[in-house]
Amino acid sequence: MSFVGAPVNRTDGWAKVSGAALYSAEHPVPNLAHAVLVTSTVPSGRITRIDTRMAEQVPGVLLVMSYENAMRLPPATRMGKLQPPIGRALTLLQDDRVYYNNQPVGVVVAETLEHAREAAARLQIEYERADAVLDFELAKQSVHPPGTILGEDPDTRRGNLQTGLLTGSARVEATYVTPYESHNPLEPHATIAAWEGDRLTLYDSTQYIKGVQRIVAETLGMPADRLTVFCPFTGGGFGCKGSVWSHVVLAAMAARQAGRPVKLVLDRNQMFGPVGMRPATEQRMRLAALSDGRLTASSHDVTSYTSVIEDWTEPSALVTRMMYESPTQETSHRLAKMNLGTPTFMRAPGEATGTYALECAMDELAYELGIDPIELRLRNYTERDPDKGLPFSSKSLRQCYEVGAQRFGWHGRNPAPRSMREGDKLVGWGMATATYPMRRMAAKASVVMYPDGFAIARSATQDLGTGTYTVMTQVAADALGVPLANMRFELGDSRMPDAPVSGGSMTVASVSSAVHAAAGALRHKLASIACAHPHSPLHGAVPEEVGADAGWLFLSGDPSRREPMALVVERHGQGPIEATANAAPGEEKNKYSMHSFGAVFVEVHVDELLGEIRVPRVVGVYGVGRLLNRKTGHSQLMGGIVWGLGMALFEETLIDKRIGRAVNGNLAEYHVPVNADVGTIDVQVVEEHDPYVNPLGAKGIGEIGITGVAAAVANAVYHATGKRVRDLPITLDKLL
Ligand code: MOS
């Protein structure tokens with residue numbers, strides 16, 4: 001019996017489509033009041049006057065909270081950075097300073113949402129505006145190096161780059177630009193805060209309930225065990241819900257001051273500023289190669305913006321460090337301070353933007369050399385991570401290129417630009433490499449079986465719509481040896497065993513290891529109890545000889561000696577039987593470099609007169625270790641590819657350089673692919689066994705899907721048109 005890998009339907013699918021699944025703003029809390037976040041209208045300066053009279057006249061208003069009357073927080077946490085990157089520099093109404101437009105400056109609480117909104121609109125705030133840096137072009141003129149980025153050095157150097165550049169017979173030097181992009185999960189950030197004496201309950205839409213518990217408790221100066229966080233369903237996250245942002249703490253403060261439970265939901269426009277975005281980047285690439293295609297030099301220099309209150313770095317050059325063999329190399333990251341909200345993790349931070357630059361530059365180099373783009377990559381293929389000097393724990397990229405090329409029909413391609421047509425459309429074929437690191441952190445889980453044979457596994461993790469409920473049910477049922485229908489997985493409650501942030505594509509790698517261990521421990525416990533009981537057919541056997549399947553324990557050497565697990569629990573007579581386990585990465589992570597890889601192939605059709613770009617088909621082939629569920633897994637990879645198409649062709653947060661606000665801060669004008677923009681997507685996962693990443697050999701797939709796609713599209717557009725567009729998104733005006 002093996003449920004792991006099977007295309008099992010989502011265990012929470014029915015709850016979701018029927019509306020039974022409660023998202024954070026939907027939990028019924030008695031006596032609930034409604035809060036509206038008020039945000040700044042200038043990008044920099046001070047608040048000089050707050051007139052609350054008009055607001056307070058609105059019926060049902062309970063609280064108008066600003067820096068003038070907000071509760072004082074322990075000084076150490078004011079604007080302080082608490083355990084970055086999850087604990088961020090927040091603005092919590094402790095002073096009159098404004099650092100960016102759309103920054104939280106007040107909270108209005110009323111009996112109804114309508115009254116709170118009306119009062120918020122009537123709140124009059126005057127500012128003394130100060131100089132603000134709002135143009136990335138100008139900001140770039142003064143940059144600084146960040147500290148470490150996700151534990152890595154911002155700069156690296158290997159060999160003598162100048163010599164390497166001169167040694168090559170072909171060179172590419174190009175600068176690629178990516179815009180500000182904003183995550184827009186359909187469920188915006190939302191928090192319900194309810195106090196009972198000195199105990200606080202939060203229903204918060206988050207990728208990290210344990211992080212919310214710890215950071216909100218520290219910020220408010222209370223012990224973490226007095227705070228409970230619930231998040232049974234997260235309506236999308238993509239990185240923006242990986243950190244605790246100001247509104248979460250403000251909801252708790254407002255509830256305390258109003259003396260009522262309070263619900264605070266960000267409006268769509270507030271998703272563009274106070275909760276992070278992908279920063280604009282400028283990436284300078286230099287590559288040189290011998291005539292046979294072997295790289296002699298590679299460099300990748302990244303500038304991205306950060307806010308004036310915190311350094312946050314888009315680590316775009318990390319991908320260049322590990323992707324290809326290159327005897328000389330330099331990489332760097334620099335930050336330009338701007339009066340915008342702090343940028344943050346957005347799906348494949350670093351790899352999404354970094355693969356765009358690197359994989360376009362490789363395509364340009366292929367044309368310089370007259371070598372097929374796949375062949376060029378194969379000539380620089382490496383089985384060792386050249387930056388870390390470690391072998392990869394597994395790497396199936398060669399196979400991904402092969403399978404992808406075959407499924408796509410790549411070998412029929414005429415490499416000359418503008419050489420392919422279909423009717424009045426120019427046809428282009430492009431490819432690129434995809435990659436994402438295999439991350440894993442310590443996690444805990446428990447599994448309990450009841451006398452009726454039903455079992456529940458638990459871990460304080462999250463399901464962002466990605467399938468955590470489903471795959472953990474599969475893992476637990478397999479490891480315990482019970483039918484799927486007899487296993488339930490529960491998550492989203494901070495009182496459950498610890499789990500890490502659902503970011504960095506690490507939930508499966510981290511939590512499945514703990515669930516697997518806990519279910520295995522329970523199975524062993526049940527076997528021990530059975531073997532010790534005189535009435536059991538297994539009496540006298542040793543637990544290690546006992547197998548489990550479909551809810552039965554049996555003797556491996558003589559399967560006729562067997563009994564139901566439920567009977568073992570019942571006869572034991574002490575209620576449910578539980579086991580817990582911790583699982584943490586071991587020594588292997590120091591011995592191997594762990595990454596997923598893939599290959600993306602894209603066909604574009606470009607209208608020669610109008611410049612309109614369509615993408616009739618994409619082939620994406622990935623090596624991601626063991627895929628825990630073929631259905632949810634393929635869907636997630638497909639979703640990543642769709643987002644990659646958005647990054648390539650549509651997405652851009654347009655900042656007004658006069659006031660520092662997004663002018664398209666809504667779902668109507670922030671363009672993303674709709675169904676009509678997406679053609680056929682062929683997702684394949686190659687068989688890959690990796691014994692080093694974790695017990696199940698699963699690498700995590702949340703982010704790799706978006707990587708490489710923008711480059712493959714840009715390369716296809718070049719092939720179709722002969723135009724190399726080096727700034728995203730590739731809108732039609734750039735082709736005319
Ligand atoms: Mo992901 S951007 O690490 O949630």
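Q: Which residue in β12 is the bridge partner of T201?
A: T228 in β12 is the bridge partner of T201. Quick caveat: this is a predicted model, so local features need pLDDT of at least 70 and side-chain atom pairs count only at pLDDT 80 or more, while totals for chains, interfaces and linings use all residues. Residues are numbered from 1 along each chain as its sequence is written.

Q: Parallel or antiparallel, β11 with β12?
A: Parallel, over four bridges, with β12 covering residues 227–230. Strands are DSSP E runs of at least two residues, helices are H or I runs of at least four, both numbered from the N terminus, and strands pair if DSSP finds at least two bridges between them.

Q: And what pairs with β11 in the antiparallel sense?
A: That's β10 (residues 190–196), over six bridges. E196 stands opposite R199 in β11. The two strands form a hairpin with two residues between them, and G197 in that turn has a positive phi of about 60 degrees.

Q: Switching to α17, how many of its residues are buried?
A: 12 of its 13, including V709, N715 and Y718.

Q: What comes just after α17?
A: G722, which takes a positive phi of about 80 degrees.

Definitions and conventions:
Buried ≥ 20, exposed ≤ 12 C-beta atoms within 10 Å, placed from the backbone.
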